[in-house]
Amino acid sequence: MSSANNLKKSLLVLALATTLAACSDNDNDDPIIEEPVVVEPIVVELVISEFTITFSNLTAGQPLSPLSVIAFDDEAPWTFGTTASVGLEMLAESGANEEYLSYESALAAVSAEGGIGPGETTTVVISVEDQETLNLSFAAMLGNTNDAFTGLSSLDVSTLEVGGSLSRTTTAYDAGTEANTETAETVPGPAASGEGFNEIRDDTADIITMHPGIVSNQDGLSTSALGVEHKFDNPVSKIVITRTQ
Amino acid sequence: MKTSTLTIAILLAAASQSTMAAELDLKVTNLTKGIHFTPLLITAHNSEDTLFEVATEASSALQTMAEGGNIAELVAQATAAGSDMAANPAEGLLAPASSTTATLTTTDGNEYLSLTAMMLPTNDGFVGLNSWKIPTEAGTYTINLNAYDAGTEQNNELVVEGSGAPGTPGIPAAPGGDAGTGGTGILSGDTNTSIHIHPGSLGDDDLEAGNSDLSNTVHRWLNPVAQLTVTVK
């Protein structure tokens, strides 16, 4: 079943490649196989899976940094209860994701074009060569925090069929790489515009956990640069993954 | 086709008459950043003998667990009820981001799982699971667990030695070693004496004084506070 499927997909890839057709508007039921190019059986086994991801910010007042999406087969770029990589620390403390996306075990890695404000949704597309085991991992910083991020460590999409989709809500994690002081000097988001990434600052716990939430200066933390409008609760975002190819 | 459907129907009927025993692998993870769990108790029980029931008053056994971490009374109660149990699988405290595992073989009729452990530092907060139906289909199931308030003690947020005894106000310990002293005590208007979702700790930013002995950047949490993974074999 899967080999027939693969062949179909390879044909489709080839057809697309040869015609360079700009017909990705395939919301209609039928993919574009109206052009039965007769191919010699020298087809390269290059089957590409494509996933279209929508990412919605469910918070009251937390901007979310550009969503990072990493495809991998075995080792997730981040895992609950372990120490964050420098790439994740950078992402969670500043929102910058270049280092994070250069993850060495990534089969593919993409970033959303920009961050999203509360109530906004962004779309990202990731293409990856088909694998026996294929997982996607997601991460984005909650901008008005010290080192909070949200996402999914690992979502198995190996058996997701074209046209099928998965919907998940996500919780807020604490990268464990910075104390949650909420000061103007250390919160990089628009509420404070402080310093973002600092590799040596307060790596006290150094373990990824759930985030305890922010306190704010209206709820007992006098040195906080954050107000009640920056508070959040779980879930923090909604991610819908649709396999589009 | 017809016969096999019939066979299945008969099997199902038989199964529902005497509910089959199950073998379970359990894994509990503390998801919080700054809260320890006291000894966990996980029981498989019938539809009646749950460890606790939300929106009802806590039993004295539950109160003893929620205020001081002592599960002896709950264990005695569950034993008397014929529940199967995994008691204290972590052999002590379960630290933030840590996991513990246990196996549980359930006897006929014990079709539900419940779980409790006190959350430290809190007055009477506990992580709980209330009568989760054990699936009959083999597989791995993940359940997010919330923080409950036993409703048996005001959340004054003062760390007081010896306050783990039921009815003695205060938080018996802060295992992370990061709590303060000298608080005057939170005066909460929470009058709910039933088991309810914990409103969360307040804390303050002064470890030597203020209202609370807890730190507001360390001892708060958001739900879920734990994750239970159940593998039905």
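A residue counts as buried if 20 or more other C-beta atoms lie within 10 Å of its own, as exposed if 12 or fewer do, and as partly exposed in between, with C-beta atoms placed from the backbone. Helices (H or I, at least four residues) and strands (E, at least two) are DSSP runs, numbered from the N terminus.

This is a predicted model, in which local features need pLDDT of at least 70 and side-chain atom pairs count only at pLDDT 80 or more, while totals for chains, interfaces and linings use all residues. Residues are numbered from 1 along each chain as its sequence is written, and chains are lettered from A and ligands numbered from 1 in the order in which they are written.

**Chain A overall**

Chain A has three helices and 10 strands. From the N terminus, its elements follow the order α-β-β-α-α-β-β-β-β-β-β-β-β. Of its 245 residues, 41% are buried. Two residues are in contact if their C-beta atoms, placed from the backbone, lie within 7 Å. Among contacts in chain A with a separation of 6 or more, 73% join residues 24 or more positions apart.

**The sheet**

Two strands pair if DSSP finds at least two bridges between them. Six strands of chain A make an open sheet, ordered β3-β2-β5-β6-β8-β9, with antiparallel pairing. Its edge strands are β3 and β9 of chain A, each pairing on one side only. β2(A) and β3(A) run antiparallel and are joined by four bridges. One of the residues involved is A71(A), whose bridge partner in β3(A) is A108(A).

S111(A) also belongs to β3 (residues 108-111) of chain A. S111(A) is partly exposed, because 19 other C-beta atoms lie within 10 Å. Leaving out residues up to four places away in sequence, S111(A) touches P66(A), S68(A), N97(A) and L101(A). D202(A) is 91 residues from S111(A) along the chain, and their C-alpha atoms are separated by 27 Å.

**Helix α2 in each chain**

α2(A) lies across β2, β5 and β6 of chain A. Its direction is at about 40 degrees to β5(A). Such axes are lines fitted to C-alpha atoms, for helices over the stretch in contact, and angles run from 0 to 180 degrees between N-to-C directions. Seven of the nine residues of α2(A) are buried, so the helix is largely enclosed by the rest of the structure. These are G87(A), L88(A), E89(A), M90(A), L91(A), A92(A) and E93(A). Their cover includes β2 (68-72), α3 (98-101), β5 (135-141) and β6 (148-156) of chain A.

Chain B has a mostly covered α2 too. Its buried residues are A61(B), L62(B), Q63(B), T64(B), M65(B), A66(B), E67(B) and G68(B). They pack against α3 (72-80), β6 (112-120) and β7 (125-133) of chain B.

| Helix | Residues | Buried | Glycine after the helix, with phi |
|---|---|---|---|
| α2(A) | 86-94 | seven of nine residues | G95(A), positive, near 90 degrees |
| α2(B) | 60-68 | eight of nine residues | G69(B), positive, about 80 degrees |

**Where the chains meet**

At the interface, 19 residues of chain A are in contact with 16 residues of chain B. On the chain A side, β8 (172-174) and β9 (209-210) each supply at least two residues. By class, that side has seven nonpolar, 10 polar and two charged residues. Here Ala, Val, Leu, Ile, Met, Phe, Trp, Tyr, Cys and Pro count as nonpolar, Asp, Glu, Lys and Arg as charged, and the others, Gly among them, as polar.
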